[in-house]
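User: I have a structure open and want to go through it with you. Can we start with any enclosed spaces and then move on?
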Amino acid sequence: MTPAGHEHPSQHAPELRAVARHVGRRRFLTQTAAAAAVAFAANLPGAGVASAAELDASKITENPFTTGVASGDPLPGSVLLWTRLAPAPYQPDGGLPAERVTVHWELAHDERFRRIVRRGTATAHPEFGHTVHVEVDHLAPGRVLYYRFRAGGWISETGRTRTAPAADAQVSALKFAAVSCQSYTDGYFTAYGHLAQDDVDVVFHLGDYLYEYAVNSAGGYRNYTDRVIPELYNHETLTLEDYRLRYALYKSDPDLRAAHAAHPFLVTWDDHETENNYADDIPENDVPPEEFLLRRAAAYRAYWENQPLRRPQRPAGPDMQLYRRRQWGRLAQFDILDTRQYRSNQAYGDGSDLPGPDIDDPTRTMTGESQERWLLDGWRRSRSLWNVVPQQVNFSQRKLDIAPVARLSMDSWDGYRASRRRVLDGAKAAGVENLMVLTGDVHVAYAYDIKDDFDDQASATLGTEIVATSISSGRDGADKPATWDTYTGANPHMKFYNGRRGYVTVELGRDAARADFRTVTAVTTPGAPITTAASFVTEVGEQGLKPA
């Protein structure tokens, strides 16, 4: 949460604002109109400045790979590789002219690139902030691969990625990590340094990859004494340039760079990649909807540019289909949700409140009708042993006090109980036996049994929810926050609660799943060690968390 009432003078191009004012409240009218609107602020390749001469990469005199490399969304025969050219990442233009640059890439079986699988070239377009997305297809499934980029005489660090197993493969195990909430100003990304050394197959990022708030010259609680963050970071993000710069700051962090280079990521957003607690086209603060949709378009564009995402996720104006399905052989199906872009406005404000009739209103939705139908249809067709739902906000009931009628978070699924009921009924109707929900957002680690009726602990356990604590948001935290006794007492299905920073790893197997909650003692100072705070297992066909 952040205090309401921020006011910002509009910094968007007048032409873009003029287009926005002439379209409906809920959406820019068509994808064409949306793309045309954003084109006023930043042209797409193929028009305008895209026709400018190509920059001779040999003239790049400083290392352009300052924001590292990444890979994402592995498929059985394909990997997605990402990088950005930015020799001066803290400048609006990244230190390059508005000219396209040819980037060479290599994919190999080995770290020394002696056994090349594929190589080619891609274009870093200025219209996309000189980011590069390379989709390499026709690869063998279930393989570990290494990749790197070259621009002129500069060679990037080496990244490690993998293809997913074949769709019908009888995979015996998968180990993944889940991370969330990485406020730069709240501390160092120490947990990412440890995650880079951890043995996981993929990483799920569950949202709040960046925060829109101002970053002061000392980097907030990082309290830098060896560098000064430029003044252009000391305001809230509003424009495409603002969001691009913020990604450059975050992605230049060495621990985040190391984690991206070590593992493929599957990403989804929450609110702070755009604005705190927004809901669909409704902003946190009282600004006209067309103003907010402009901001959302800028935020979504920068998100796609700076994440290892495939072509179907490229936004059109303020619209971007981020929800998608990924398989890991017959072992697991991952239904990655977007609980921000399509949700109804929060009931009774976006904080905590006593439950009222609105939270049980069946016309209100967390996911939007289309995404909800897609999720339930996908479960009905699933042939996977595990059905895992990476998403953003707390799914299980979480009473915030021990009163007979307890307060609930209106921004979480507790504020959308009818929507949650439909999802759980859909899981039951589809015969989903091994359901796992992955969650971020709350800056603590929880482990829940998902009950058919959260107020009746004797009711069936339909699955488990694993809540990944934040990487840095919330600063150092504590093993037992002040609310520990209240929350664990009010919610008997909450099997674990820890308030330190870190991440969680989950190993899915044919017989059980194991979750290990990994925490660091501090993030306001660098270099803290990592430990396992707790471990739990849940068995195939008999859901319910037990200490490991």
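Analyst: Fine. Keep in mind that this is a predicted model.

User: By class, what residues are in the lining of the largest cavity?

Analyst: The lining has 9 nonpolar residues, 1 polar residue and no charged ones.

User: Which residues line it?

Analyst: The largest cavity is lined by Leu337, Leu375, Trp379, Val389, Gln391, Phe395, Trp413, Val423, Leu435 and Val437. Two elements, α7 (369-381) and β17 (435-439), each supply at least two residues of that lining.

User: How much space lies in the largest cavity?

Analyst: About 60 Å³.

User: And how many cavities does a search of the whole structure find?

Analyst: The search finds 3 cavities of 30 Å³ or more.

User: Switching topic. Is helix α6 mostly covered or mostly open?

Analyst: Mostly covered: 16 of the 18 residues in α6 are buried.

User: How far apart are the end C-alpha atoms of α6, and what should the helix span?

Analyst: The end C-alpha atoms of α6 (residues 289-306) are 25 Å apart. At 1.5 Å a residue, its 18 residues should span 26 Å, so the two values agree.

User: Now Val228. Where is it found?

Analyst: Val228 is in the loop between β10 and α4 (240-251).

User: Buried or exposed?

Analyst: Val228 is exposed, because its relative accessible area is 65% and exposed means over 50%.

User: What separates Val228 from Ser217?

Analyst: Their C-alpha atoms are separated by 5.1 Å, and the two residues are 11 apart along the chain.

User: Last, the protein as a whole. How many helices and strands?

Analyst: The secondary structure comes to 9 helices and 24 strands. The radius of gyration is 23 Å, close to the 24 Å that the globule rule gives for 548 residues, so the protein is as compact as a globular protein of that length.

User: What does the C-alpha trace span along its principal axes?

Analyst: About 70 × 55 × 50 Å. Buried residues make up 59% of the 548.

User: And what share of contacts join residues at least 24 apart?

Analyst: Among contacts between residues at least 6 apart in sequence, 71% do.

Terms used:
Residues are numbered from 1 along each chain as its sequence is written. This is a predicted model: local features need pLDDT of at least 70, side-chain atom pairs count only at pLDDT 80 or more; totals for chains, interfaces and linings use all residues. Side-chain values use heavy atoms; hydrogens and water are left out. On a 1 Å grid over the protein atoms alone, a cavity is a set of points where a 1.4 Å probe fits but cannot get out, and a pocket is an open set with protein on both sides within 12 Å along at least five of seven lines; lining residues have an atom within 4 Å of a point. Grid points are joined across faces, edges and corners, and a volume is the space filled by probe spheres set on the points. Helices (H or I, at least four residues) and strands (E, at least two) are DSSP runs, numbered from the N terminus. Ala, Val, Leu, Ile, Met, Phe, Trp, Tyr, Cys and Pro count as nonpolar, Asp, Glu, Lys and Arg as charged, and the others, Gly among them, as polar. The expected span of a helix is 1.5 Å times one less than its number of residues. Buried means under 20% relative accessible area, exposed over 50%, partly exposed in between (1.4 Å probe, protein chains only). The radius of gyration is taken over C-alpha atoms; the globule rule is 2.2 Å times the number of residues to the power 0.38. Contact means heavy atoms within 4.5 Å.
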